Amino acid sequence: MVDEQLLKEVLDLALSSGGDFADVFVEHRQSTGVGLEGGKVERVHSGIDMGAGIRVLNGDSTAYAYTNDLSKEGLLEAARIVSHASRGEKKDYHLDLRRVRPLVDFAVVERPDAVKAERKVEVVQAADRAARAVDVEKIKQVMVAYGDVVQKVVIANSAGEYVEDERIRTRLMVQVVAAEGSTIQTGYEAVGGLAGFELLERYSPATVAEVAARRAVEMLKAKEAPSGKMPVVMAGEAGGTMVHEACGHGLEADLVQKKLSVYAGKKGQKVAADIVTVIDDASMAGHYGSYRFDDEGVPARKVTLIENGELTDYMYDRLTASREGRMSNGHGRRESYQHKPIPRMGNTYIAPGKMDPEKIIREVKNGLLVKKMGGGQVNTTTGDFVFDVAEGYLIQDGEVGPMVRGATLTGNGPEVLRIVEMIGRDLGFTIGTCGKDGQGVPVSDAQPTMAIKELVVGGTGKIRRL
């Protein structure tokens with residue numbers, strides 16, 4: 001997208017007034033979205049956005065400028081602007097850009113930008129029909145959203161590193177509203193990955209829609225969730241919302257260095273049960289949070305954050321890594337060329353254990369089984385969290401009992417990790433867009449089935465043991 005010689009000129013100008021490091025992030029993004037609501041396709045949109053962000057690091061300070069003008073004049077003007085933020089002597093260096101190779105590679109079978117819009121419309125219509133067929137009387141509303149992104153990036157920096165990369169992501173979301181009398185319930189299901197249109201062969205739109213619709217309909221007859229302290233089994237299919245929110249954000253190096261994380265200063269210490277290992281691995285093939293390179297041109301790799309209960313590492317970008325005299329481990333991410341990179345998660349998960357998930361349920365005499373997590377909030381400074389349960393069941397005498405609705409889970413992330421008693425051999429992923437500092441990036445999170453000794457369950461039904 002930009003000539004290498006021009007990139008050298010941009011970097012040289014950006015550091016002309018001093019500075020320790022400079023980089024250029026050039027992006028070309030083509031996106032398509034199809035939305036259906038009320039049985040009708042409401043919107044089909046596509047667009048292209050392109051531009052470049054130029055950054056200079058000088059000690060702990062960052063100067064950043066971006067432009068959608070990729071001409072030589074436009075890029076040099078942005079470089080001139082960031083150069084004014086540094087004061088000092090220009091450092092003597094020889095810039096010879098060398099192409100960086102990824103540690104992993106990913107294959108796309110069917111590029112979404114080669115798929116006609118009519119086929120994408122057919123996807124949302126098929127999902128709508130499948131959802132409504134689950135219960136034509138009780139299902140009142142279906143919303144379907146399809147989206148794909150083809151993002152091409154070029155990254156160059158004053159360390160002489162040059163990266164070209166292409167990221168292709170596809171996703172499908174279905175939300176269903178069911179009603180019976182005065183009771184209204186919602187079901188939601190989403191799939192996505194670093195993949196092309198072939199994603200929808202692996203995850204049939206009809207199946208995704210049926211899962212969301214059945215969840216909404218079944219919740220209509222669910223009993224009110226009890227409240228009180230009780231054992232909780234998190235099913236693998238519940239996804240890793242809890243590990244992402246209650247643990248993952250607290251392991252991002254910028255929050256740690258600002259003392260805004262409960263995990264600050266605890267590297268090498270026990271922070272979880274011996275059976276708990278937490279990993280972030282953006283190099284996994286096909287997942288929504290996967291990438292070959294982060295947005296600073298650092299190759300993606302598997303990073304073990306907590307190993308057998310011991311805190312072993314944080315997630316770093318270049319700036320936070322430089323503060324500790326180490327190298328980035330590939331977690332510098334940004335929403336677009338208009339944003340500077342910050343430490344972010346990719347695919348975060350609790351590693352699976354060896355137990356049969358069904359045996360874990362049998363081992364819990366009475367408690368709550370969570371099969372799907374909803375939204376929630378977490379305070380990274382303390383680790384305290386509150387999450388909604390989108391699909392839950394009572395466990396009675398080691399058996400899965402009636403479905404319940406209206407449950408919430410309240411606890412403290414580090415404390416919960418310390419009282420994990422059993423971990424299954426399964427692993428279930430969910431997708432999302434993670435927000436931080438006004439930026440959203442695609443992520444996946446996962447966990448195996450696991451038993452937590454005790455959590456505070458909030459509900460409107462009969463109060464359980466407190």
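Leaving aside its neighbours within four places in sequence, which residues is N347 in contact with?

1. The residues touching N347 are I279, D280, D281, A282, M284, H287, Y288, G289, S290 and S444, where contact means heavy atoms within 4.5 Å. Please keep in mind that this is a predicted model, with local features needing pLDDT of at least 70, side-chain atom pairs counted only at pLDDT 80 or more, and totals for chains, interfaces and linings using all residues. Residues are numbered from 1 along each chain as its sequence is written, and side-chain values use heavy atoms, leaving out hydrogens and water.

2. N347 sits in strand β15 (residues 347-350); strands are DSSP runs of E, at least two residues, and helices runs of H or I, at least four, numbered from the N terminus. With 0% relative accessibility, N347 counts as buried (under 20% relative accessible area, 1.4 Å probe, protein chains only).

3. The side chain of N347 has a polar contact with the side chain of S290 at 2.9 Å, and also reaches the backbone nitrogen of G289 at 3.1 Å. Polar contact here means a pair of N or O atoms within 3.5 Å, one able to donate a hydrogen and the other to accept it; residues adjacent in sequence count only if both atoms are side-chain atoms.

4. On to helix α3: the buried residues are K120, V121, V123, V124, A127, D128, A130 and A131. Their cover includes β1 (21-37), β2 (40-58), β5 (139-157), β6 (161-180), α4 (199-202) and α5 (205-220).

Methods: Buried means under 20% relative accessible area, exposed over 50%, partly exposed in between (1.4 Å probe, protein chains only).
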